[in-house]
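Load the model in your viewer and keep the sequence panel open beside it. The stops below are given in the order in which to select them.

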Amino acid sequence: MSAKTITIIKPDDWHLHFRDNGMLLETVPATARCFSRAIVMPNLVPPVVNAEMALSYRERILSARPNGSTFEPLMTLYLTDKTTPADIRAAKKAGIVAVKLYPAGATTNSDAGVNALDTLYPVFEEIATQNMRLLIHGEVTSKDIDIFDREKVFIDRYLCHLTRQIPELKFVFEHITTSDAVDFVLESSANVAATITPQHLLMNRNDMLDGGIRPHNYCLPVLKRSSHQLALRKAVQSGSKKFFLGSDSAPHEKNKKESSCGCAGCYSAWSALELYVQVFEELGALDKLENFTSRNGPDFYGLPYNKEQVTLVRKEWQVPESIVLPDGERIVPFYAGQTLQWQIAN
Ligand code: NCD
Ligand code: ZN
């Protein structure tokens with residue numbers, strides 16, 4: 001008999017995008033529904049490049065929490081070519097837990113990101129000294145590199161060197177998508193971990209391109225071939241402590257996704273936890289679920305486990321076809337209109 005309910009320590013989401021202002025009234029409650037904490041990405045316009053900006057962004061997020069919610073946003077700083085070790089020290093003092101590295105041009109709102117990674121080593125050293133975490137969008141941006149190869153080339157060009165030069169730096173290789181990334185993380189020290197999204201566990205590039213182009217499955221790093229998807233599934237199935245939940249929930253308005261030049265990002269906050277449960281069940285690995293959702297992340301960040309629990313029940317429900325924002329704009333959520341097998345109880 002398969003289980004009818006699952007109770008786990010309330011999870012955290014170690015990588016997501018809330019956006020700002022009016023959008024927060026949608027995104028913050030959607031995440032607070034089932035996550036206690038979340039690492040909030042700083043790729044706003046303009047980006048969150050100093051402690052002051054991070055603290056005021058944090059206040060806007062706190063104001064958007066539903067009444068009585070104890071949800072805690074964990075703030076991050078956006079690295080640019082101009083970030084200094086003093087900026088890192090100020091961020092640490094302000095309670096910022098991590099620093100985000102976007103190679104310039106790699107993804108949504110990353111134009112102000114890093115052009116010359118090699119020149120930032122003093123900043124990386126300071127991140128290690130301050131016991132903060134570095135969060136890496138691991139893709140090269142060179143136009144001559146095929147988009148499906150950009151993660152592997154980033155490992156070869158940058159990550160191998162970084163782990164050799166600053167072995168004490170704790171970093172998260174974010175939203176990994178390839179067997180190369182899985183191998184790199186497993187072969188590295190305990191200071192290297194990775195997040196994995198629901199879409200990269202559930203899908204491969206056929207789900208984006210076969211039978212018509214499906215913009216709501218388009219995200220960066222882009223979905224890869226099925227052998228890579230299988231490698232990611234094996235990684236979570238293994239129960240390794242190096243992998244943890246990071247949904248990369250990333251809303252864009254419907255008309256910006258369904259466009260001649262559509263934005264990258266899947267808005268998965270409405271279903272992310274349930275989709276992870278579905279994947280672990282398919283893999284016969286439900287015994288590994290709670291570490292992935294609720295322990296491996298806090299352990300890597302040196303934070304306590306959450307005290308609350310969350311229960312999921314086996315019950316079919318449908319993800320809405322679209323969500324209306326407070327300003328009347330629409331978002332099509334990830335997995336829109338599809339039926340899920342697990343639902344959060346209450
Ligand atoms: C993210 C976004 O929209 O901000 N998009 C995405 O496809 N994942 C940025 C990112 O995490 O790369
Ligand atoms: Zn992201």
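## First stop: a buried loop residue

Select Thr-197, which is found in the loop between β8 (192-196) and α7 (198-202); helices here are DSSP runs of H or I with at least four residues, strands are runs of E with at least two, and both are numbered from the N terminus. This is a predicted model, in which local features need pLDDT of at least 70 and side-chain atom pairs count only at pLDDT 80 or more, while totals for chains, interfaces and linings use all residues. Residues are numbered from 1 along each chain as its sequence is written, chains are lettered from A and ligands numbered from 1 in the order in which they are written, and side-chain values use heavy atoms, with hydrogens and water left out.

Thr-197 counts as buried because its relative accessibility is 0%; buried means under 20% relative accessible area, exposed over 50%, and partly exposed in between, with a 1.4 Å probe and protein chains only.

## The ligand

Now select ligand 1. It sits in the largest cavity. A cavity is a set of points, on a 1 Å grid over the protein atoms alone, where a 1.4 Å probe fits but cannot get out, and a molecule sits in one if more than half of its atoms lie within 2 Å of its grid points.

Show the residues around ligand 1. Of these 15 residues, Arg-19, Thr-107, Leu-220, Asp-248 and His-252 come nearest; a residue is near a molecule if one of its heavy atoms lies within 4 Å of it. The shell divides into 4 nonpolar, 9 polar and 2 charged residues. In this count Ala, Val, Leu, Ile, Met, Phe, Trp, Tyr, Cys and Pro are nonpolar, Asp, Glu, Lys and Arg are charged, and the others, Gly among them, are polar.

Which polar atoms lie close enough to ligand 1 to be given a distance in Å? An N or O atom in the side chain of Arg-19 is 2.8 Å from an oxygen atom of the ligand. For His-137, the distance from a polar side-chain atom to a ligand oxygen is 3.4 Å. Gly-265 takes part through its backbone, where a polar atom is 3.2 Å from an oxygen atom of ligand 1. The protein covers 100% of the 310 Å² of accessible area that ligand 1 has on its own, with areas from the Shrake-Rupley method and a 1.4 Å probe.

## Two of the ligand's neighbours

Centre on Arg-19, in the loop between β2 (13-16) and α1 (24-32). At 13% relative accessibility, Arg-19 counts as buried. Its phi is positive, about 65°, although it is not a glycine.

Move to His-137, in the loop between β6 and α5 (150-165). Is this residue buried or exposed? His-137 counts as buried, at 1% relative accessibility. Its side chain is joined to that of Glu-139 by a polar contact of 2.8 Å; such a contact is a pair of N or O atoms within 3.5 Å, and within protein one must be able to donate a hydrogen and the other to accept it, while residues adjacent in sequence count only if both atoms are side-chain atoms.

## Backbone exceptions

Most residues other than glycine have a negative phi, and most peptide bonds are trans. Asn-131, in the loop between α4 (121-129) and β6 (133-136), has a positive phi near 55°. At 45% relative accessibility, Asn-131 counts as partly exposed.

Select Val-45 and Pro-46 next, which are joined by a cis peptide bond with omega about -5°. Pro-46 lies in the loop between β3 (37-40) and α2 (51-63). The bond from Leu-220 to Pro-221 is also cis, with omega near -10°.

## The loop between α8 and α9

Pro-221 is found in the loop between α8 (206-209) and α9 (226-237). A polar atom of the Asn-217 side chain lies 2.9 Å from the backbone oxygen of Asp-207.

Pro-215, in this loop as well, counts as partly exposed at 24% relative accessibility. Its C-alpha atom is separated by 6.2 Å from that of Glu-258, 43 residues apart along the chain.

## Last stop

Finish at Glu-321, in the loop between β10 (309-318) and β11 (323-324). Glu-321 counts as exposed, at 56% relative accessibility. Tyr-335 is 14 residues apart from it in sequence and 8.5 Å apart in space, C-alpha to C-alpha.

Methods:
1 Å grid on protein atoms, 1.4 Å probe; cavity = no way out; pocket = protein on both sides within 12 Å on 5 of 7 lines; lining within 4 Å.
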